[in-house]
Amino acid sequence: MDFNLTEDRRMLAETLNRYLADQYGAAHREQVAYAAPFHDPQKWREIADLGILQALAPETAGGFGGAGFDITVVFEALGRALCPEPVLPTLMASRLLAAAGVEQGALLDGTMRYGVGLGELESPYALDQIETHAENGRLSGRKSVIYGGNDADRFLVAARNGPGIAVYEVLATDAQVKGYGLIDGGGAAELFLENTPARLLMEDAGGAVNDALDAGALALCGEAVGLMDVTLQTLLEYLRTRKQFGRTIGSFQALQHRVVDMVTEIEQSRSITILAASRMGADDQSRSVSMAKNLIGRTAKLVAEETIQMHGGIAMTWEAPVSHYAKRLTMLDHQLGDTDEHLERVMAGYVKSQAAPG
Amino acid sequence: MDLNFTPQEAAFQAEVRTFLRDNLPAEFARAVRDGDELPKALMEEWHAILNGQGWLATTWPKEFGGPGWTPVQRHIFEEECARANAPRIVPFGLAMLGPVLQKFGTPAQQAEYLPRILDGTDWWCQGYSEPGAGSDLASLKTRAMRDGDDYVINGQKTWTTLGQYANRIFCLVRTQTEGKPQAGISFILVDVDTPGIEMRPIRLIEGGYEVNEVFFTDVRVPASRLVGQENEGWTIAKFLLTHERTNIAGVGFSMQALDELKALARRIRRNAKPLIENPLFAARLAQAEIDLEAMKITNLRMLVRAREQGGPGPETSILKIKGTVVRQALNDLSRRALGPAAAPFPSEDLLGNASLVPEEHARNAARYFNNRKLSIFGGSNEIQRNILTKAMLEL
């Protein structure tokens, strides 16, 4: 048993953490995250040049990583800096392109950006009810809140194709794309498809889509761990310095015990993320990811709400960096399956395993 | 990152499983599963079986007759024992006093007491808490006055677990009243049959009898029974409490409780369906299972940290807090799963009448009530929060 990162991953984390600390400070982040294109294209290229995107893909796909711990290491660092760059859609696109056997060099060197449109407004997390469909190789339907879609060159879209789900590639120039900013920073888009030309990448893509969703959810767990670490440190610093009634507010037991509960749940969240990362590629990949995303969802809400409460009025201001961390912690529950959705997936395992003995 | 056991650890796990399969009597496992009050003879026999294998004093180094295990081996052993429903090793002599004597005792004390703990000659119990000194242990008042070669002890201890079976008791006593409360405490060993000691049972919430009050009236104890220096008992008390927190997460117990709960929820039917398919129940179950899955990794991470740092640190308080809460949640779900069948009092009458309530269910609610103690003893969860605040948060 060993809970240390490999030397390579430790260096990867160090490189990215250092770059983001130098280049992506709170002021810069605030400047780029809330105005179109809702990220910094120059810094995007620099992050790609560091090899961060290649770390998310296996060698067979042209990368040098792609394992669960590669994903969590990268996203934990992105979370620490509250980085709004569209790395998550890159990860998910990479999983889908690899499964389809499509070359992805331009994706991994950062020159080609993909948006990934899987769920829809009325079936945001599970795909069995999606309405986007293919007819004669053309797509009709609508994909909502595609992260990074506002500045994407291409889209990977899940659509009905007969009884199954297929994955298509759509050029941004062929479709109607309406981009916008997100409440927690970064950008997204609505993708309107109306008899839009599309290239079929994969039929019967259910397995590949689930894998991309798992990888994406794991990435969000890693991001959340990074966000929570920084949020906690910010809170502790505030409790040590803010004075009321002639003493630091951190000296009040009513607050101390609540902070300990946050610390406990953050450690639990780190643990379950490690577990899920270790299970990528194993039979229980999806179940482990769902367990992680559920616990992360519960903890992220606790950390965000308690941090705002204990900061008092100051965390209600746009100016305080911690308020943006709290928003991101809250809103990542809306991505790729929320707390309840993932709990239901774990529960569904209880019914299925009825058939199995024991 | 590697969450797997090493080949040696995996082989050890297999060895423990084989040993338990071949040596744990089925009626012992059944009694533990059903939550019976275990008779003294049963616990002594289980100790003897483990001692025969050299696996009784799990935390002791080899030179004192322990197996010299690593923290990971100890964890594997504890988890496998819990999964097999083996009786708990009574901790007072083995897990608490043993390490204290090894660190603070004289060679003569070590030679006198340690072998008797191993072979079962002595059954130790703990004299720590007092009616006025619970979480605030340092405020204890039981007084030991030096008189020639003896100490004379007056006062009262409480919550003395299984004191009814013990022939000896280790006590924290006040030998000085000036200065900080912590400064005047000493650690002393007392024979339970010394004149002036009276042990009275405390009946617990569920009706069971496992803890006692101990009254001391002019109890004379030779000064050679002092462990460490006079007035330095607080250091020993804290050392012992850290050891008490070993395996405090109780992950193995919770894993076993989860398995049994799932089996129960598949058997029990509600509204023409297995209870496990009821969405509200299943949601609570899933949440507890997820917390436990995370707990397993948290526990292992802290074990590895303890290995790297040479001992458990304050972060073990996280294990105490979360481990007890998870286990209590499972007990709670199990009790509620039974519905009305959990209600009958587990009297001898009822236990003999399997047609009314199956034996494995008879003590279900009693176990729930009894295990409310988990978040109170060994330093209440609120005290653990204070410890964590002081040690880790720099507030």
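**Domains in chains A and B**

Okay, let's start with chain A: 18 residues of domain 1 of chain A are in contact with 16 residues of domain 2 of chain A, where contact means that C-beta atoms, placed from the backbone, lie within 7 Å. By class, that side of domain 1 has 16 nonpolar, two polar and no charged residues. Here Ala, Val, Leu, Ile, Met, Phe, Trp, Tyr, Cys and Pro count as nonpolar, Asp, Glu, Lys and Arg as charged, and the others, Gly among them, as polar. Its largest share, eight residues, comes from helix α5 (residues 87–100) of chain A; helices are DSSP runs of H or I, at least four residues, numbered from the N terminus.

A quick word on the model: it's predicted, and local features need pLDDT of at least 70, side-chain atom pairs count only at pLDDT 80 or more, while totals for chains, interfaces and linings use all residues. Residues are numbered from 1 along each chain as its sequence is written, and chains are lettered from A and ligands numbered from 1 in the order written.

Phe38(A) is buried, as 22 other C-beta atoms lie within 10 Å; the cut-off for buried is 20 or more, with C-beta atoms placed from the backbone. Beyond neighbours within four places in sequence, its contacts include Pro84(A) and Asn150(A).

Over in chain B, domain 2 (124–233) and domain 3 (245–393), with bounds from an automatic or database assignment, have C-alpha centres 31 Å apart. Six residues of each are in contact across that pair.

Conventions:
Contact = placed C-beta atoms within 7 Å. Helix = DSSP H or I, 4+ residues; strand = E, 2+ residues; numbered from the N terminus. Buried ≥ 20, exposed ≤ 12 C-beta atoms within 10 Å, placed from the backbone.
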